[in-house]
Amino acid sequence: MVRAYVADRRKLVHLLAGRTPEVLIPQPHIPGAEAEVDFGDVHIVLAGVPTRCYLFSFRLSHSGKAVHRVFASCGKEAFIEGHVHALTTLGGVPRGRVRYDNLKAAVSRVTGLGRMRVEAERWTALRSHWGIDAFYCQPGIEGAHEKGGVEGQVGYFRRNHFVPVPQVNSLAELNAMVDQWDIDDEARRISSRPHTIGEYFRAELPRLRGPDRSC
């Protein structure tokens, strides 16, 4: 209720101050065309020790089907392993863009020339191998709306599966639980959509491109 009030009140305050409100137009997503990737921190009790870990999320934009993996860090190894796990689990690669923050695991340098980036060498090799068309969002808060689907997904997953804090003996044990949560999530409906995530994903799956393993 407070969030709804603040959202409406903010618009009025901006109008009274003479500021033109920013207009964002929701974009429809073609089945099998796009995805978004992000990391989010999560807290667990690992072998009796409170531990901060990192949740990798790969989310298909059309169906909302997401694959997650928990890692001890959000470095290059986790970034690459997360992609391999997600694409193998999904059974294909989006035919269009996959949206990213300017993560150090992927981007060595932001050039300042539009969307051009200097990519990390290992990431370029993996991206080329799988045929991923990477799209890098604007740096900072300005780019948050460009991949809002996966940011919302990370928040939803954290609130619904990491509260209360999971207690596990290993990350392998936790990731087995995460795999099951991903399967269970297919029964969920996003907002007022008429079909479940799983129903949309089953229609989207044939439109994914098969992974290129020629190299």
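The legends below describe close-up views of a predicted model. Local features need pLDDT of at least 70 and side-chain atom pairs count only at pLDDT 80 or more, while totals for chains, interfaces and linings use all residues. Residues are numbered from 1 along each chain as its sequence is written, and side-chain values use heavy atoms, with hydrogens and water left out.

**View 1. The largest nonpolar core has 31 residues.** A nonpolar core is a set of buried Ala, Val, Leu, Ile, Met, Phe, Trp, Tyr and Cys residues joined through side-chain atoms within 4.5 Å; buried means under 20% relative accessible area, exposed over 50%, and partly exposed in between (1.4 Å probe, protein chains only). Among the residues with the most contacts inside this core are Phe 39, Tyr 100 and Trp 123.

**View 2. Arg 158 and Asp 41 form a salt bridge.** Such a bridge places a side-chain nitrogen of Lys or Arg within 4 Å of a carboxyl oxygen of Asp or Glu; here the N to O distance is 3.3 Å. Because Arg 158 lies in helix H4 and Asp 41 in strand S1, the pair ties together parts that are 117 residues apart in sequence. Helices (H or I, at least four residues) and strands (E, at least two) are DSSP runs, numbered from the N terminus. Arg 158 is partly exposed, at 31% relative accessible area, and Asp 41 is likewise partly exposed, at 26%.

**View 3. Glu 186 and Lys 65 meet in a salt bridge of 2.8 Å, N to O.** Glu 186 is buried, with a relative accessible area of 19%, and Lys 65 is buried at 6%.
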